[in-house]
Amino acid sequence: MIPINDHQVMYAIKDFVEELISLTGMTGTSVAVSRYVSMIAVVIFLAWFADFFFRRAVVPLALRILSKSDAEWARLLFNRTVLTSACHILPAVVVWKLMPLVFFESEVTGEVLTRLTAVYMTVMTVRTSIVFINSFDLLNTERRSSTQQYFKTFRDVLKILMIFIAVIILVSIVINKSPMTLIAGLGATSAVLMLVFKDTIEGLVAGIRLTSNEMVHKGDWITVPKASADGTVEEITLTTVKVRNFDNTIVTVSPKTLVDDSFQNWIGMQESEGRRAKRKVYFDFRSIRTVTGDDRRRLVEKGYFTEKELKEGDINMALFRTYVEKYLAQRADVNSDMKSMVRQLEATNTGLPVELYFFIRNKEWVVYEHSLADIMEHVYLISADFGLTIYQQYPEQ
């Protein structure tokens, strides 16, 4: 309801506008219609001018002031997008204040316009708030910072909460009920809502567990067999984890999948001093024997051992394992400070497996694979010098 004093002011304005219109020669009902049209046009003009003035004058001035500030966070948070979005609220404020005064003689029309304007203001306010919250992503923070993970989770929850409250306010505006009445009524339907939004709620809880326990961070290399994901985490939200596979395909995994099922995070390897290499070579049992005089001469001539290191009864397989361990320890690309060994595994019907276990310093994929290939090619090549035959199954003719 418009106060009595405002009614008197509006009647005075009404009489003044109608007198101006009458001077143009209009009479009868056309005067009232022209009055409504002209006053609505004035309100629309003032709303447009408010938006225009703030976008073209106030926003550039604010950005200029912020650009001279030493606070980088202020420039990032109050950027042009945020300020421009806030400007869209001003025209609605003008309409919300003036339209009921224009239609003060028709309370129904004024009430409808007031509610529609309130709906618009609520939507634009929530939109501006979400844009402001999203601007926190522009802040320069450490890629894998725990604080950043927690803060991002909090922002996502805050946005969902804001949208939920905005929906309640919009419904209360439309049906002309108090928002608190609607919130109290939700208690009776909470069971239904939990059933309908069961997957969403579980996803939110899983997302919070995922970030709060630091199970995965942006930039981590993870492997999720169930989701065919093997690549780098590009984005983490409360409901999705976006992974770019090494073939540049994008896989979206739900946090619930990562929490409920097992996945492999390679960050421990990435932050360690070396990346593990483990390879098996199968040798023919018939080639394992004690070394002869010719064998010893060949091993000495090729620099694998010295005369003093060899003795009667040596077995070629034992000498091979000893040499390969010494070879790995001498290589610069192998981290000798980490576990390194050459061991026999349980015999199989396809030969005796000998496993090489060591760590390569450079963890970058291409360099790692090249170093590993160089080592294994050398192992394959020298096995014949020790009189060993690598098992190979020939295809049936």
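Two strands count as paired if DSSP finds at least two bridges between them. I noted that this is a predicted model, in which local features need pLDDT of at least 70, side-chain atom pairs count only at pLDDT 80 or more, and totals for chains, interfaces and linings use all residues. Residues are numbered from 1 along each chain as its sequence is written, and side-chain values use heavy atoms, without hydrogens and water.

I then checked strand S3 (residues 241-245), which runs antiparallel to S4 and is joined to S4 by 4 bridges. Arg244 has Ile250 in S4 as its bridge partner.

I turned to the other sheet, an open one of 3 strands in the order S6-S8-S7, with antiparallel pairing. Strand S6 (275-283) and strand S7 (341-344) each have a single partner strand, so one side of each lacks a neighbour in the sheet. S7 pairs with strand S8 (residues 352-360) over 4 bridges in the antiparallel sense, and Val342 stands opposite Leu356 in S8.

Finally, I looked up the helices on this sheet. Helix H14 (residues 316-330) lies across S6, S7 and S8. Helix H15 (residues 365-382) packs on the sheet, touching S6 and S8, where contact means heavy atoms within 4.5 Å.

Note on methods: Helix = DSSP H or I, 4+ residues; strand = E, 2+ residues; numbered from the N terminus. Axes fitted to C-alpha atoms, helices over the stretch in contact; angles between N-to-C directions.
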